[in-house]
Amino acid sequence: MIRRHFGSWFIPVLLLLAFAFAIDAQAAGQRGQTPKGPRPEQFTYPPLNFKVPKASEFRTKLSNGLVVYIAEDHEIPWFTASLLLRTGPFLEPKDKLGVDGFAGSIMRSGGSTTMTGEQINERMDFLAGTVTARNLSVNIKHLDEGMKIWMDILTNPAFPDDKLRREKDQSLPAIRNRNKNVAQVAGRVYSDLIYGENSPITQETTEATITAITRGDLIAWHKKYWGANNAILVVSGDFKKADMMKKLEATFGKWPKAEKAVPAIPKVQQASKAGVYMVQPEVIPNQGIIRIGHLGLMVDDPDYAAVDLMNYILGGGSFSSRITKVVRTDNGLAYSTSSSFGGGGGGGQRGGGGGGGGAGVLYPGTFTASCQTKNSTVVFASQLMLDLIEGMHNGDVSEADLKFAKNARVNAFPSMFSGVGAIAQSFANLEFSGRPMDYYDTYLAKYEKVTVADLKRVAQKWLQPDKMIIMVAGNIEECKTGANNMLPNQPTIDALAAKFGGRTIEGLAKKYGDGTVHIVKLK
């Protein structure tokens, strides 16, 4: 195309001009000239001036007591709604684990007493919207029909036997194969070690519990828990609040109440003593997954802001954190590695032992450092992480570290409120989990007042070597052996081996446990 318009002379001339510019730039550099403008570290920014919204601006109630968080959003002609429902696995009978999930999914797939699931699919496709038992998303001009379908699903589910059979059949292969996947095995075994394999937090569906569920169980579960007094409704979209409240009163305002759900939140203590635990999946992988940690804290603990900043420096700050820099960047052992004070049923569900997303909400979460690496480098990677954890525990943190972490957390704070719908959802989540409604009002102050002394104090308190569980899922024999002599970072391997009792995993078992490498059997 260039030659068609400019002829064959154009490209050589363009190259000569580029070369001339390059020579001129080089000459300018030799004359001592520097580019104009400030360097990145010289940029200045105005102080963060963000006003936290108030929950009262979004919260209201319908005549039947259903709490509603409502937000006008006029960017696009759309309507979005979701239900937070107090059901969940802590209410399930032990012999019928899975009934809650089946009830929610078959309410939608099985349709109502007036529309089959297939008919709902066809109609929602025509409306270009989506609906589940807990969510509705639709163009505002189709809201009335979309809401009618949603209410029909919520109040008149059919629970047909054929849909229950289908969902049972679809769920069984995952149960039968879960001991083959190294990531699933690692997460499950680590949670068992922290909370105990008989805890309500870690109990799992089995073929027996799935097989035992009947259509009558789904009907009874829905009747018992799916009601206005067990839910919070969140709505946002292109509407006027007064008009929407009338629509909600005419629909959700008539939603009957159910039996009050009172989940039995378990009291927890760490189930396993400190030490090394290994497990081998049925399909033996060529990489091992490492989980290092212990029981953690609640998100509303007074120490949480300082703990979060401390962990940001240690392993929670992505590429800027110590664990990522040392294990991934400096030694090239893992693509993804991190640490967290996480889990604890943040979404109202069990099974929060593996970390991720804040500390415990319903029960204490965990401190977890993790990575996935070759079987042969599992010991080396573990030693690197433990060395960094030990350094933090011993007070290796500076004012510069604190400033970096604090800036990251404080400057990211407004992103929690990216859109009015997200704001309404955030406040609904607080109320749903029974947390202080002024959480966001006090958030920044808690982080801003943290000092280096606070970081050192919480590191000593909440990083606990005497409780440290080191769990490895992988090829047990290969993982035990340790790194070979061909790696370019052999000096670092040798230095850590001297510190941690050798290049094999037995040294870690002596330093952090009773000297025994405990082999965990799959269940």
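Helices (H or I, at least four residues) and strands (E, at least two) are taken as DSSP runs, numbered from the N terminus. The model is predicted, so local features need pLDDT of at least 70 and side-chain atom pairs count only at pLDDT 80 or more, while totals for chains, interfaces and linings use all residues. Residues are numbered from 1 along each chain as its sequence is written, and side-chain values use heavy atoms, with hydrogens and water left out.

The protein chain contains 20 helices and 12 strands. Of its 523 residues, 49% are buried (under 20% relative accessible area, with exposed over 50% and partly exposed in between; 1.4 Å probe, protein chains only). Contact denotes heavy atoms within 4.5 Å. Among contacts between residues at least 6 apart in sequence, 80% join residues at least 24 apart.

Helix H6 (residues 161-177) includes Pro 173. Pro 173 has a relative accessible area of 36% and is therefore partly exposed. Its C-alpha atom lies 9.5 Å from that of Glu 207, 34 residues away along the chain.

Helix H4 (residues 117-127) packs with helix H5 (residues 143-155) at an angle of about 155 degrees, the axes being 11 Å apart. Axes are lines fitted to C-alpha atoms, for helices over the stretch in contact, and angles run from 0 to 180 degrees between N-to-C directions. H4 is therefore roughly antiparallel to H5 (angles over 145 degrees; under 35 is roughly parallel, 65 to 115 roughly perpendicular and the rest oblique). On the H4 side, Ile 120, Arg 123, Met 124 and Leu 127 meet Glu 145, Gly 146, Ile 149 and Ile 153 of H5.
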